Amino acid sequence: MIKYALYVLRWTVLAIPGALFFNKVRELLDIDNVYVAMVISQAMMGAMVYFLDRLIFTSGALPVPWEIKPTGTCAECGRVGKCYRMPGERCCQSGDDTREKPFMCEKCALRKLKETGQHH
């Protein structure tokens with residue numbers, strides 16, 4: 001939820017600069033077509049904001065309390081249903097680190113938390 005809130009906050013904060021940037025693109029490139037200017041300005045803003053989004057979603061700087069899979073198979077007991085990834089793991093992970101923590105059913109995930117001392 002923290003990452004979602006940061007993502008929405010990022011969109012909100014960039015609304016005014018984005019509008020100013022849109023107007024500047026129209027002015028500098030002498031574009032009358034609003035849609036063309038919007039596509040160009042959004043592409044340029046997206047290229048700049050990509051690194052901020054990457055920081056929010058994949059840096060691991062913000063812990064993910066739980067990653068939930070609506071339907072999955074528990075890695076511990078094999079039960080099929082809603083599964084959870086352990087707290088603190090990185091969401092949307094990509095790159096060289098392909099070691100993926102397993103999803104577990106609620107019962108096994110809570111047991112694992114208690115074993116590791118992370119349960120509050």
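**Figure 1. Overview of the predicted model.** Of the 120 residues in the protein, 23% are buried (under 20% relative accessible area with a 1.4 Å probe and protein chains only; exposed means over 50%, and partly exposed lies in between). The model is predicted, so local features need pLDDT of at least 70 and side-chain atom pairs count only at pLDDT 80 or more, while totals for chains, interfaces and linings use all residues. Residues are numbered from 1 along each chain as its sequence is written, and side-chain values use heavy atoms, with hydrogens and water left out. The protein contains 4 helices and 3 strands, in the order α-α-α-β-β-β-α from the N terminus. These elements are DSSP runs numbered from the N terminus: helices are H or I with at least four residues, and strands are E with at least two.

Figure 2. Helix α4 spans residues 106-116, and its residues Cys-108, Ala-109 and Leu-113 are buried. Because these residues cover an arc of only 140° around the axis, they lie on the same side of α4; the arc is taken from the directions from the helix axis to the C-beta atoms. On the other side of α4, Lys-107, Lys-114 and Glu-115 are exposed. The cover over the buried residues of α4 includes β2 (80-85) and β3 (103-105).

**Figure 3. The largest nonpolar core.** Cys-74, Tyr-84, Met-104, Cys-105, Cys-108 and Ala-109 form this core of 6 residues. Both β3 and α4 give two or more residues to the core. A nonpolar core is a set of buried Ala, Val, Leu, Ile, Met, Phe, Trp, Tyr and Cys residues joined through side-chain atoms within 4.5 Å.

**Figure 4. The lining of the largest pocket.** The largest pocket is lined by 15 residues, and nearest its centre lie Arg-10, Trp-11, Leu-14, Gln-42 and Met-45. On a 1 Å grid over the protein atoms alone, a pocket is an open set of points where a 1.4 Å probe fits, with protein on both sides within 12 Å along at least five of seven lines; lining residues have an atom within 4 Å of a point. Helices α1 (2-13), α2 (15-28) and α3 (34-58) each give two or more residues to the lining, and α3 gives the most, with 8 residues.

Figure 5. Arg-10 lies in helix α1. Arg-10 is buried, because its relative accessible area is 10%. Apart from its neighbours within four places in sequence, Arg-10 is in contact (heavy atoms within 4.5 Å) with Val-49, Leu-52 and Asp-53.
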